[in-house]
Structure formats: structure tokens, C-alpha cells
Amino acid sequence: MTVDELVDIVCRIAGKQSRKRHDPSKPQGVRGRNSDNTRLRQVLGWEPQVPLEEGLARTYLWIEGELRRAGRLPGEQAVPAPEALPAPTLRSSPAIGP
């Protein structure tokens, strides 16, 4: 997934539009990086249980709700409390030794 794709997902979740600007005169950084989660699965027996977009939506709603409850966001729109959102499925993992 590219950063542009990630921005598109977050904007869709937030109901916002963003005008992306790229500055080719700036360093581009690493052209690509992939996460290999094989060791994570082997050692911890863990795999993500929530798709990325769903996890981002849950997180966005939680942050928005916290900001609104703290009076840091304008508007009266009701936002579900975190306990109203489905909890991610967590599995226990074996202890990791040295």
C-alpha cells in the first residue's frame, strides 16, 4: 500500500477531501518496504484480526469521540463511545524467551 492509498482511505473514513501535493525536488526516501510477518506468526502465533480500513475507522471514531468529549472539536454530532464499537479479537501468545 502506498502513502497515497493510505491517505485516500483516511480521507474516506473522515468524510474529507485532500489535495495531495508532491514535491519532486525533495528526497523521495525508500522506494519500497514490505513487512514480512512470518516471524511474528511463528513466535507469537499472532495475525491481524481486523482489516486495515476497519481498524482505521474504529481508531478515527474513537479519537474523534475523545476530542469531542474533551470539547476540542466543534459540533454536536454524536460519536459512538469506544465501548459501543466492536472490540478487536485478541489472542494470547506464548511467552517469549531470550
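Reader: Where does Met-1 lie relative to helix H1?
Author: Met-1 lies in the segment that comes before helix H1, which covers residues 3–14. Helices (H or I, at least four residues) and strands (E, at least two) are DSSP runs, numbered from the N terminus.

Reader: What kind of model is this, and how are residues numbered?
Author: This is a predicted model in which local features need pLDDT of at least 70 and side-chain atom pairs count only at pLDDT 80 or more, while totals for chains, interfaces and linings use all residues. Residues are numbered from 1 along each chain as its sequence is written, and side-chain values use heavy atoms, with hydrogens and water left out.

Reader: OK, how many helices and strands does the protein chain have?
Author: The protein chain has 3 helices and 0 strands, and along the sequence its pattern reads α-α-α.

Reader: Back to Met-1: is it buried or exposed?
Author: Met-1 is exposed, with a relative accessible area of 65%. Buried means under 20% relative accessible area, exposed means over 50%, and partly exposed is in between, using a 1.4 Å probe and protein chains only. Of the 98 residues of the protein chain, 9% count as buried.

Reader: Changing topic, how many salt bridges does the structure hold?
Author: The structure holds 5 salt bridges, each being a side-chain nitrogen of Lys or Arg within 4 Å of a carboxyl oxygen of Asp or Glu. One of them joins the side chains of Lys-20 and Asp-8, at 2.6 Å from N to O.

Reader: Which parts does that pair tie together?
Author: Lys-20 lies in the loop between H1 and helix H2 (38–44) and Asp-8 lies in helix H1, so the pair ties together parts that are 12 residues apart in sequence. Lys-20 counts as partly exposed at 31% relative accessibility, and Asp-8 is partly exposed too, with a relative accessible area of 35%.

Reader: What does Glu-53 form a salt bridge with?
Author: Its partner is Arg-12, and the closest N and O atoms are 3.2 Å apart. Because Glu-53 lies in helix H3 (residues 52–69) and Arg-12 in helix H1, this pair ties together parts that are 41 residues apart in sequence.

Reader: And how far apart are the closest N and O atoms of Arg-58 and Glu-54?
Author: In that salt bridge they are 2.5 Å apart. Arg-58 and Glu-54 are 4 residues apart in helix H3, so about one helical turn separates them. Arg-58 counts as buried at 15% relative accessibility, whereas Glu-54 is partly exposed, with a relative accessible area of 34%.

Reader: One last thing, where does Glu-47 lie?
Author: Glu-47 lies in the loop between H2 and H3 and counts as partly exposed at 36% relative accessibility. The C-alpha atoms of Glu-47 and Asn-37 are separated by 8.3 Å, with the two residues 10 residues apart along the chain.
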